[in-house]
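This briefing covers helix packing and salt bridges in the structure below. Please read it alongside the sequence and the model.

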Amino acid sequence: MSGGLVLKLGPKERVLVNGAVIENGDRRTRLSIKTPNANILRLRDAIHPEEVNTPVRRVCYVAQLVLSGDSTPAEARPQLLRGIEQLSQALTDPDSRAQLAAATDAVLQDQYYQVLKALRGLLPREERLLTGLREQ
């Protein structure tokens, strides 16, 4: 992220920055994160342990653990690459492949916010696929 990350926060929204929970005030605000490789996680986007119940959510959760400081990049990298590879076996459409490629590139560059962002883009697709399987 050459220009840094810009976070737009709603009133009372919480974000985790390098392990510290920060809560916005009563008005919308914009924060520019200038420190490269800062670990950022919007708490409204956080996946809770009991919600880790699908393949994409499992891989997202591993990336999230790095952002929250609960796992190191060295611990998470092999799990993420293996998980992304497994997802690529099932999600073979061009859009999914592009998201998975972006996630892989981000892992290799230690950009875990971008990993999570790319993988979260797969959640709606995974939900549609799983719903279709349940209905059969």
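Buried means under 20% relative accessible area, exposed means over 50%, and partly exposed lies in between, with a 1.4 Å probe and protein chains only. Arg 125 is buried, at a relative accessible area of 18%. The model is predicted: local features need pLDDT of at least 70, side-chain atom pairs count only at pLDDT 80 or more, and totals for chains, interfaces and linings use all residues. Residues are numbered from 1 along each chain as its sequence is written, and side-chain values use heavy atoms, with hydrogens and water left out.

**Packing of H1 and H2**

- Helices (H or I, at least four residues) and strands (E, at least two) are DSSP runs numbered from the N terminus.
- Helix H1 spans residues 55–68 and helix H2 residues 73–90; they pack at an angle of about 160 degrees with their axes 9 Å apart.
- Axes here are lines fitted to C-alpha atoms, for helices over the stretch in contact, and angles run from 0 to 180 degrees between N-to-C directions.
- H1 and H2 are therefore roughly antiparallel to each other (angles under 35 degrees count as roughly parallel, over 145 as roughly antiparallel, 65 to 115 as roughly perpendicular and the rest as oblique).
- H1 passes H2 in a left-handed crossing, a term for the near helix being turned anticlockwise from the far one by less than a right angle, with clockwise giving right-handed.
- On the H1 side the contact (heavy atoms within 4.5 Å) is made by Pro 55, Val 56, Val 59, Val 62, Ala 63 and Val 66.
- H2 contributes Pro 73, Ala 76, Gln 79, Leu 80, Gly 83, Ile 84 and Leu 87 to the contact with H1.
- By class, the contact of H1 with H2 has 11 nonpolar, two polar and no charged residues; Ala, Val, Leu, Ile, Met, Phe, Trp, Tyr, Cys and Pro count as nonpolar, Asp, Glu, Lys and Arg as charged, and the others, Gly among them, as polar.

**Packing of H2 and H4**

- The axes of H2 and H4 come within 13 Å and cross at roughly 25 degrees.
- H2 and H4 are therefore roughly parallel to each other, and their crossing is left-handed.
- Pro 73, Arg 77, Leu 80, Ile 84 and Leu 87 of H2 meet Tyr 112, Val 115 and Leu 119 of H4.
- The contact of H2 with H4 comprises seven nonpolar, no polar and one charged residues.

**Salt bridges**

- There are eight salt bridges, each a side-chain nitrogen of Lys or Arg within 4 Å of a carboxyl oxygen of Asp or Glu.
- Lys 12 and Asp 26 meet in a salt bridge at 3.1 Å, N to O.
- Lys 12 lies in the loop between strand S1 (5–9) and strand S2 (14–17) and Asp 26 in the loop between strand S3 (20–23) and strand S4 (29–33), so the pair ties together parts that are 14 residues apart in sequence.
- Lys 12 is partly exposed at 47% relative accessibility, whereas Asp 26 is exposed at 60%.
- Arg 77 pairs with Asp 110 in a salt bridge, with the closest N and O atoms 2.6 Å apart.
- This pair links distant parts of the chain, with Arg 77 in helix H2 and Asp 110 in the loop between helix H3 (94–108) and helix H4 (112–120), 33 residues apart.
- Arg 77 is partly exposed at 25%, and Asp 110 is partly exposed at 35%.
- Asp 95 in helix H3 and Arg 125 in helix H5 (residues 123–135) are 30 residues apart.
- Glu 13, Arg 42, Arg 44 and Asp 45 are linked in a network of salt bridges.
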